[in-house]
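This report describes a predicted two-chain model. It treats the contact between the chains before turning to each chain in turn.

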Amino acid sequence: MHIMEGYLPPVHAALWTGVSGPLVAYGLYRIKKQIRTPEEKLKLAAAGAFSFLLSSLKLPSVTGSSSHATGTGAAALLYGPHPATIVGSLVLLFQALLLAHGGITTLGANIFSMAVAGPWVAYLLYRSLQGLSFPRELSLFLAAAAGDLATYAVTSLQLALAFPDATGGMLGSFIKFFSIFSVTQVPPALSEGVLTVLFFRLVKGDSLPSLLVSEKKGELKQ
Amino acid sequence: MRSLLLNRSNLLLLATAVLVVLLPLWFAYGTVPSDLMGTDDRAVEMVHSLSPGYAPWYNFQWNEPLLSHQNLLFALQGALGASVLLFSVIALHRREQRSKSRNRG
């Protein structure tokens, strides 16, 4: 889902940077406020490492392309979407600076797809499924997989907005870009869902219910 | 600790995660192809076909000489992630066991 360096026109690059910048700033603020105990710090480090690991694996697919998971759902399901924004941004920054994968000009757009949209989809879906009393691990699996796929849908949308099809317009272009990602991305997304369940078993991720409670408390205080 | 990290159902999950990726490949090709093009590069191709005049307007990379070993750098990223993940998970379990034994005592 990395849009490569220079592959968004300057106006688009600037707009996405303008959208993502404040969200990154707010994410930093939330991490400072929310992550305090050594346990919480260790769990956040584990979630960050999980995303580093998953996004480094280029997985081959039947479509003849390779793609990779994002790993940002774990942080979102552990601590909510705002801390996950920071986790995803760090991965993307690392890859842009060191690996020439993605880029600085497209960092804002890539942060929005992988570190904002994906985590929010995962987080909201998890909450809805829990509201419908789905089993917890099934909810984690579905939420993480959906967050992964949503990331790629948003990337396709970003590219379609910048490069509309001459005949089909933006919708035609979106379909073209999404068809590159969609089928290829299904196995990595399912894999990410399963690994996210494993991740939660390893870190005993019972934080989300407590996060929801503390969030409500925070709201009451304000 | 070993039973927590490496019990049967966790290993089963890990195997499932790997098989979800590998099985479709085996069914389609009978093997795991090694030199596939990334979807990110395919998207770049699509940009060029949709807007033939487009040229990337910014391209600065300070570590150009390293990039011929891009796979190695990806492996480095994975190794970094795996080791921090392992460290954190082990540290979390140690803390938990310590607090458990304190409660018992």
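## Contact between the chains

Between chain A and chain B the count is 1 salt bridge, a salt bridge being a side-chain nitrogen of Lys or Arg within 4 Å of a carboxyl oxygen of Asp or Glu. It is formed by the side chains of Arg95(B) and Glu39(A), at 3.0 Å from N to O. Side chains of opposite charge can pair when their charged atoms come close. Over all chains, the same rule gives 4 salt bridges. Arg95(B) belongs to helix α4 (residues 70–104) of chain B and Glu39(A) to helix α2 of chain A, so the pair joins two chains.

In total, 65 residues of chain A are in contact with 58 residues of chain B, where contact means heavy atoms within 4.5 Å. The two chains bury about 5,300 Å² between them, 70% of it on carbon and sulfur atoms; buried area is the accessible area (1.4 Å probe) that two parts lose on being put together, summed over both.

## Polar contacts and the chain A side

Chain A and chain B have 21 residue pairs in polar contact between them, both residues being at pLDDT 80 or more. A polar contact is a pair of N or O atoms within 3.5 Å; within protein, one must be able to donate a hydrogen and the other to accept it, and residues adjacent in sequence count only if both atoms are side-chain atoms.

On the side of chain A that touches chain B, at least two residues each come from α1 (10–34), α2 (38–56), β1 (59–60), β2 (65–67), α4 (81–98), α6 (136–162) and α7 (169–202). The largest share, 16 residues, is supplied by α7(A). By residue class, this side of chain A holds 40 nonpolar, 17 polar and 8 charged residues. Here Ala, Val, Leu, Ile, Met, Phe, Trp, Tyr, Cys and Pro count as nonpolar, Asp, Glu, Lys and Arg as charged, and the others, Gly among them, as polar.

An open sheet of 3 strands has the order β1(A)-β2(A)-β1(B), with mixed pairing; two strands pair if DSSP finds at least two bridges between them. β1 of chain A and β1 of chain B stand at the edges, each with a single partner strand, so one side of each is left without a neighbour in the sheet. The pairing of β2(A) with strand β1 (residues 37–38) of chain B is parallel and runs over 2 bridges. Ser66(A) has Gly38(B) as its bridge partner in β1(B).

## Architecture of each chain

Chain A contains 8 helices and 2 strands, where helices (H or I, at least four residues) and strands (E, at least two) are DSSP runs, numbered from the N terminus. Its radius of gyration, taken over C-alpha atoms, is 17 Å, close to the 17 Å that the globule rule gives for 222 residues, so chain A is as compact as a globular protein of that length. The globule rule is 2.2 Å times the number of residues to the power 0.38.

Chain B has 4 helices and 1 strand, in the pattern α-α-β-α-α along the sequence. The radius of gyration of chain B is 22 Å, well over the 13 Å that the globule rule gives for 105 residues, so chain B is more spread out than a compact globule.

## Conventions

Residues are numbered from 1 along each chain as its sequence is written, and chains are lettered from A and ligands numbered from 1 in the order in which they are written. Local features need pLDDT of at least 70, side-chain atom pairs count only at pLDDT 80 or more, and totals for chains, interfaces and linings use all residues, while side-chain values use heavy atoms, with hydrogens and water left out.
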